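Student: I have a structure to read and I am new to it. Could you take me through some features one at a time, giving the general idea and then the case?

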Amino acid sequence: MDEPDYRFLCELAAQLRVDSVRASAAAGSGHPTSSMSAAELMAVLLARHLRLDVRDPDNPGNDHLIFSKGHASPLLYAMAKAAGVITDDELLTFRRRGSRLEGHPTPRLPFVDVATGSLGFGLPVGVGLALTGRKLDRLPYHIWVLCGDSELAEGSMWEAFEHAGHEGLTNLTAIIDVNRLGQRGPTRHGWDLSAYARRMSAFGWHTIEIDGHDPGEIDYALSDARGARRRPTAILARTSKGHGVSAVEDREGKHGKPIAEPEQAIAELGGPRHLTVEVRPPTSPRDPYGFAATGTLDLPAWEVGEKVATREAFGAALAALGTACGDIVALDGEVADSTRLEAFAEAHPERFFECYIAEQQMVAAAIGVQARGWKPYAATFAAFLTRAYDFVRMAAISRADLCLVGSHAGVSIGEDGPSQMGLEDLAAFRAVHGSTVLYPCDANQTARLVGDMAGLGGIRYLRTTRGATPVVYDAGEHFPVGGSKVLRTGGQATIVAAGITVHESLAAADLLREDGIAVTVIDAYSVKPIDAERLRTAAADTGGIVTVEDHWPEGGLGDAVLAALATSPVPVVKLAVSALPGSATPQEQLEEAGIDRHAIRLAVQDLVKRAAG
């Protein structure tokens, strides 16, 4: 590499500061001081070490830069201007309605892989991208993550540090902007770089402590990081918040506010510059690695009447999908033997990632994997996905394509107890913008939906059951997303169920037939989008609807049905988990929670009586 031009690097850093101040002043909001502290760090990275084809964001050899401290977005946009990705006019649209330059970065802007701004999110995603580069794409691109010192208090950061160290991700560098000040005051360790270094070294990272305002030290550290062997690198840079402007530098109470006298601040920084950077393209661009695949999906099949757990069907179907499609990847939260993800691990070990009991890192890694065009399925117990719910939310903001699978769902797992039961998951995933939520009732339905999920977009969630349930559908049946299946027909009432409650509902329908009551039973396997047209037809043709749910009543299947019926006057009765005994068998759990066949029978009888007058 050629010798650095320190004068140019200092001037470029000053330009990045000035543009951060200008953008925030134009918006009347933003985080200029958090941007100013990292200006030299990003100036040297942009001009000397980042490898990007600015004319081709899709070049597979491009490095990846993640602003984990997403509130420093003015700095990112100032870099984009210097690189010719945006114009100065667009820079000054920062935070305006309709602008690509949002308050925190999103993939609306080229070279932004994921949305950031939820602190503790960016580095775990960087781990996923680094794993992808080394094990899937098998390309030499580097992952650079700009982190803030405040976010080092987040547990997800340490999940990322440990996982990256364990994997020896030499293609990952965390640049830590240690500016001492958080939102309301000093950070836990202030400028004690060695306190951070000790912790990171313990997780197997190579650490470098530098002056974050010295371009020479920064250049050396970045060179050292790219050339590191067998471990990731953390560059711990001592900086000052608001550096270069006396009114705000290293002062408390200035976080998240535009500078009060921007023209004075710009003058103190030496005025506007018009420097441009010719970002170096990747040195050895080539196509990413591809895994062999048959191209023909041969799903497993079961005979009607067999008893098979839907989690078993999920594992077998995903392994078959991996054989047919070389871009399918699986990530596990160290429960593959329970979720049955182990079937994929055995069939396709090169595309299986063990993330251990670190659900935030698992979901973040999957987000990183999909950012490079692979199709990840991440699976753990449905109850444990709640730990990573913020990352699921951020995945949706990132416009990520992600398949999540929650096993051991609902009250029916019985003796494991309520700590293991996914009781909130349907409501939680229904609330995610643009999500798809699926809850199959039998093995053949599960297998078909697992295969179909790969072709969908956005956040897809599939719920599976621990216990074996009877196979209801023939292997050749199709289950379109947004559809439903009618398993019984009758005009006096409608029972709407999904997953394990379908079987109790069918048993209740048989009991009701003995009572002389004919009911319609709808399998609403697609909880979101739900089959609103069929539900409205059922509401018009019968005297009322009973929804049968094995989870908390708020926000789940029953509320999806109510939303679909909107202003329909038909009565809807929700049978759902209302109480959990401390210890019980699965059948007792069902009965005491009020979702067994007898409770369904009584609810329908009462509904029919009320409809009759």
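Student: Which classes of residue make up the lining of the largest cavity?
Tutor: This is a predicted model, so everything here is read from predicted coordinates. In the lining of the largest cavity, 19 residues are nonpolar, one is polar and one is charged. The volume of this cavity is about 260 Å³. Its lining is made of 21 residues, and those closest to the centre are L52, L65, L76, P110 and F111.

Student: Which helix and strand each supply at least two residues of that lining?
Tutor: Strand β1 (64-67) and helix α4 (73-82) both do.

Student: How many cavities of 30 Å³ or more does the structure hold?
Tutor: There are two. Among the residues lining it are L181, R184, K241, E252 and H255. By class, that lining has one nonpolar, five polar and five charged residues.

Student: Back to α4. How many of its residues are buried?
Tutor: A residue counts as buried when its relative accessible area is under 20%. In α4, 10 of the 10 residues are buried, including P74, Y77 and K81. The elements covering these buried residues include α1 (6-27), α2 (32-36), α3 (39-49), β1, α5 (88-91) and β2 (143-148).

Student: Why is α6 described as largely enclosed by the rest of the structure?
Tutor: Because 14 of its 16 residues are buried, α6 is largely enclosed by the rest of the structure.

Student: Where does R180 lie, and is R180 buried or exposed?
Tutor: R180 is in the loop between β3 (172-178) and α8 (193-202). Its phi is positive, about 80 degrees, although R180 is not a glycine. With a relative accessibility of 18%, R180 counts as buried.

Student: What is the phi of the residues that follow α4 and α6?
Tutor: G84 follows α4, with a positive phi near 85 degrees. R138 follows α6, and its phi is positive too, near 55 degrees.

Student: What about the peptide bonds?
Tutor: Most peptide bonds are trans. The bond from K528 to P529 is cis, with omega near -5 degrees. P529 is located in the loop between β17 (526-528) and α19 (532-541).

Student: How do I read the two faces of a strand?
Tutor: In a regular strand the side chains alternate between the two faces of the sheet. In β16, V519, V521 and D523 point one way, while T520 and I522 point the other way. Five of the five residues of β16 (residues 519-523) are buried, so the strand is largely enclosed by the rest of the structure.

Student: Which way do β14 and β15 run relative to β16?
Tutor: Strand β14 (residues 485-488) runs antiparallel to β16, and three bridges join the two. R488 has V521 as its bridge partner in β16. Strand β15 (residues 493-497) runs parallel to β16 and is joined to it by five bridges. T494 has T520 as its bridge partner in β16. From β15 the chain passes through helix α18 (residues 501-514) to β16, a right-handed β-α-β crossover.

Student: What are the relative accessibility and contacts of T547?
Tutor: T547 belongs to strand β18 (residues 545-548). T547 counts as buried, with 0% relative accessibility. Apart from neighbours within four places in sequence, T547 contacts V496, G558, V561, V572, V573, K574 and L575. The C-alpha atoms of T547 and D337 are separated by 32 Å, and these residues are 210 apart along the chain.

Conventions
Residues are numbered from 1 along each chain as its sequence is written. This is a predicted model: local features need pLDDT of at least 70, side-chain atom pairs count only at pLDDT 80 or more; totals for chains, interfaces and linings use all residues. Side-chain values use heavy atoms; hydrogens and water are left out. On a 1 Å grid over the protein atoms alone, a cavity is a set of points where a 1.4 Å probe fits but cannot get out, and a pocket is an open set with protein on both sides within 12 Å along at least five of seven lines; lining residues have an atom within 4 Å of a point. Grid points are joined across faces, edges and corners, and a volume is the space filled by probe spheres set on the points. Helices (H or I, at least four residues) and strands (E, at least two) are DSSP runs, numbered from the N terminus. Ala, Val, Leu, Ile, Met, Phe, Trp, Tyr, Cys and Pro count as nonpolar, Asp, Glu, Lys and Arg as charged, and the others, Gly among them, as polar. Buried means under 20% relative accessible area, exposed over 50%, partly exposed in between (1.4 Å probe, protein chains only). Two strands pair if DSSP finds at least two bridges between them. A crossover is right-handed if, with the strands pointing away from the viewer, the path from the first strand over the helix to the second runs clockwise. Contact means heavy atoms within 4.5 Å.
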